[in-house]
Amino acid sequence: MGRYLLRRLLQLIPVFIGTTFLIYWLVWSVPGDPFAGKCGERPCPDSYVNMMTEKFKLDEPLWVQYGNYMQNLFQGDFGQTWSGRPIGDIIATAYPNTLKLAVVALAIEAVIGLAAGVLTGLRRNGFLDNLVLVSTLFMIALPVFVIGFVLQWVLGVQWHIIKPTVSSEMRISELIVPGFVLGSASMAYIARVARTSIAENRRADYVRTAIAKGLPMRRVVGVHLLRNSLIPVVTLLGTDLGALMGGAIVTEGIFGINGIGRQVFRAIVTKESATVVSIVVVLVLVYLLMNLLVDLLYAALDPRIRYE
Amino acid sequence: MRVSKRATSAVALGAAFALVASGCSGSDSDGGDAGASADGAITIDGTQPEVPLVPSNTTETGGGAIIDWMWTGLVEYPNDGGAPRNAVAESIETTDSKVYTVKIKQNTKFHDGTPVKAKNFVDAWNWGAYSPNGAQNGSFFADIQGFGDVHTEDPDGAEGPQKAPEPKAKEMSGLKVVDDWTFEVTLAAPTAVFPTKLGYSTFMPLPDAFFTQKPDEFGRKPIGNGPVKFVSWEDDVQIKLTRFDDYTLNDKLKIKDVNIKLYQDDTAAYNDLVSGNLDFQQQVPVSSLAGDKWKADLGDRAIQTTTPSTGIIAFPIYDKRFQNAKLRRAISLAINRQEISDKIFFGSRKPADSWANPLTPGAKQGNCTACQFNVDEARKLLAEAGGFQGELVMYYNADASHKEWMEAVAQQVKTNLGINARAEGVPTFAVFRQNINAHKMKGMYRAGWQQDYPDVENWVNPLYVTGGSSNDGLYSNKDVDALAKAASSAPSLEESHAKFAEAVALIDQDVPTVPIYFGGQQSGHSEKIKKLELTNVGELDLSSVEL
């Protein structure tokens, strides 16, 4: 187990260097001079462009710029935006907001998705099953921004149940609707995966044995059936945290949340390589660590899986 | 001009559909209980300033609006767009339009309590002009004598390997402090419009505290001399301002706190406005204009106004194909501007019929004869010009809502003239402007102009004079240059305007660009606000707000 963990952690290093370079290179090759559109319908004065070029060493070749960036990164310095704001500050304010939103979304999709999956998996072809099938189909088919705008308009503007945008305090109660919107598609997938998995294992030998032993149904489902059926769901949930954080840009925009999506979008448009890389690097780390966590959870859920 | 930096992402484009899909019509709002008191607070819409708030370094609307609120210049522009009047200045006097004596009022203060003195203006201008400081608006000081000594040009442009030489001097020789309340400005050449320019944000004074710290540090906690002072700035979330109680000029605030919420998406702001959580939005989203939905949502709180800006399609005159004035005139005459105004903008932007926006002092209405719609004349001119070979592409930046009207123009040119015309989007404003600045456009392209200061001069010199800062199509006509020069150096504004009218008549013959529409603005406010006015450029006039 310890050696497995160490091996997995060491694997992070090449992945980390590879992704940072790839992203740095990609943003660097986005066409457009970062200062060309800066001063509106007239070109910026040469003196301004020169000062910025000098300050950010933009006339150096790509690998020198990347090397400088990595060198600073290892000293804990993420660099600066064109406007001179430390990128570390942006990460410190934007990440917690996105993480909070993603965790709320994850919790909502896990609870609702799993409940729907278990109920329909046990009683297939009933009314509830059909209802869940149709509603999940609907949720998967509708783009996130449609669900977001409709809920914002109906709940916020028409019925005044919520405020249309989230305040800067980011209270959990304000995040329920945005979280639901963000997690809606995944929620539908989780319900469907859980339903299939439960329905399949429902006919497994160990379930029949447990029922034959005379165990109460609650225990059969809650302990024996659920635990084994959770593996595909956990895989989905684990990788979903990263996907939710990275995909939160639309939801953040609709509900006015100051998260990483907005920052990445702004940075890509203005060619701020350092900002894009810094934010994405943290996102990559989230992905990698969540994957590791999921793999470790397999062993806990299924005793047949062992790591060495 | 200032450029809006609101990201118009896919989110905004989806809005129209979503709102239709939810089947909503008019909405009532019960938000905003009217607390008509002098301690009232309002929350208004804004965008994150791109750079720290230093007046001579801000060129976009998000930071520009805040600077306009936090500072008061020597002169100010009345909301009706008329001629400027003295604000901090007691008097601005000249006999020859070359040497100006500026006396300032003795009782105005910066927000840190220090008095506004003559040297605060002189030092601020010298700082903005000094090229190693790299101020984005540095070239605005070019009228002043000695500008060339403090602002050196890069011999081979910013792209080239050579560096700009160190300026000879740190201060412009044309600026002299006479005493605490008087200074003298000597211009390189007589310029009648100079006092008009002084209300533009670049010419604001800076307190002594600015010069003892780094500009960026100052810009994060700016100190101005206007009716509101800075409280706090939470990046991408909000900027808080409050009334400056020691303000002595007459545009004092009737409310106390102003909270500027920094939205990334204008639809989010609009929904906050409609549900009563936001008190003012300067421009409602495009999606709400369809079918006049915004008027249904806001009722009598919807404000339709015009702004001194013009949407233009420019010719790259450096391209051989566009060097025949008859061809340019033919294309301009083939465009039905009224139809575009009605069908695409639902009447919110008016068809352009003059070269300078008619809201501008000195501008004449209807002096663009090339702006008429006359297909027969257009076809005749096109035949005289020998037709147009190949494809005519009209470029626009696809990251803002220009697609519809650009495509409509291209279609009209195609139908009416039989030219193979089409519109093509360039992904981002940055790439778009880079090609324009480098004079590498392969077809006509969208441009726009919003005046920096209210005078017709601002609509001619930057756009149509050889070497003008935004004359990107490289249009050049010696007679226009001579007239514009004479107009700029005329001893009085009346004479200057008369000369500019002559220059514009020549421009009208050459058709270096195609004016399409005059800017319109659709704003909205909450029920909490009982009274408000908009400034000459469409920003909220904070001092007019009553709750």
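Angles under 35 degrees count as roughly parallel, over 145 as roughly antiparallel, 65 to 115 as roughly perpendicular, and the rest as oblique. Axes here are lines fitted to C-alpha atoms, for helices over the stretch in contact, and angles run from 0 to 180 degrees between N-to-C directions. Helices (H or I, at least four residues) and strands (E, at least two) are DSSP runs, numbered from the N terminus.

This is a predicted model, in which local features need pLDDT of at least 70, side-chain atom pairs count only at pLDDT 80 or more, and totals for chains, interfaces and linings use all residues. Residues are numbered from 1 along each chain as its sequence is written, while chains are lettered from A and ligands numbered from 1 in the order in which they are written.

Helix 4 of chain A passes helix 5 of chain A in a left-handed crossing. A crossing is left-handed if the near helix is turned anticlockwise from the far one by less than a right angle, and right-handed if clockwise. From helix 4 of chain A come A:A116, A:L119 and A:T120; they meet A:L128, A:D129 and A:V132 of helix 5 of chain A. By class, this contact of helix 4 with helix 5 of chain A has 4 nonpolar, 1 polar and 1 charged residues. Ala, Val, Leu, Ile, Met, Phe, Trp, Tyr, Cys and Pro count as nonpolar, Asp, Glu, Lys and Arg as charged, and the others, Gly among them, as polar.

## Helices 4 and 11 of chain A

Helix 4 of chain A also packs with helix 11 of chain A: the axes come within 8 Å and cross at roughly 130 degrees. Helix 4 of chain A and helix 11 of chain A are therefore oblique to each other. On helix 4 of chain A, the contact uses A:I90, A:A94, A:Y95 and A:T98; on helix 11 of chain A, it uses A:I260, A:G261 and A:Q263. Two residues are in contact if their C-beta atoms, placed from the backbone, lie within 7 Å. The contact of helix 4 with helix 11 of chain A has 4 nonpolar, 3 polar and no charged residues.

## Chain A as a whole

Chain A has 12 helices and 0 strands. Its C-alpha trace spans about 85 × 55 × 30 Å along the principal axes. Of its 308 residues, 39% count as buried. A residue is buried if 20 or more other C-beta atoms lie within 10 Å of its own, exposed if 12 or fewer, and partly exposed in between, with C-beta atoms placed from the backbone. Among contacts in chain A with a separation of 6 or more, 76% join residues 24 or more positions apart.

Chain A is assigned domain 1 (2-87) and domain 2 (88-301). Such bounds come from an automatic or database domain assignment. The C-alpha centres of domain 1 and domain 2 of chain A are 32 Å apart. Their contact takes 21 residues from domain 1 of chain A and 19 residues from domain 2 of chain A. Helix 1 (residues 2-29) of chain A gives the most to the domain 1 side, with 10 residues. That side of domain 1 of chain A has 14 nonpolar, 5 polar and 2 charged residues.

## Where the chains meet

Between the chains, 49 residues of chain A are in contact with 60 residues of chain B. Helix 2 (46-55), helix 6 (144-158), helix 10 (249-255) and helix 11 (260-269) of chain A each supply at least two residues of the chain A side. Helix 6 of chain A gives the most to this side, with 10 residues. The side of chain A that touches chain B has 23 nonpolar, 17 polar and 9 charged residues.

## Domains of chain B

Chain B is divided into domain 1 (17-256 + 526-546) and domain 2 (308-520). The C-alpha centres of these domains of chain B lie 30 Å apart. Domain 1 of chain B brings 19 residues to the contact, and domain 2 of chain B brings 17 residues. The domain 1 side of this contact in chain B divides into 9 nonpolar, 8 polar and 2 charged residues.

A:K57 has a positive phi of about 50 degrees although it is not a glycine. A:K57 sits in the loop between helix 2 and helix 3 (62-74) of chain A. A:K57 counts as exposed because it has 11 C-beta neighbours inside 10 Å. B:H439, also a residue other than glycine, has a positive phi near 55 degrees. B:H439 lies in the loop between helix 13 (429-437) and strand 16 (444-450) of chain B. With 13 C-beta neighbours inside 10 Å, B:H439 counts as partly exposed.

A:P303 is in the segment after helix 12 (273-301) of chain A. A:P303 is exposed, with 8 other C-beta atoms within 10 Å. A:P303 and A:N228 are 75 residues apart in sequence and 9.8 Å apart in space, C-alpha to C-alpha.
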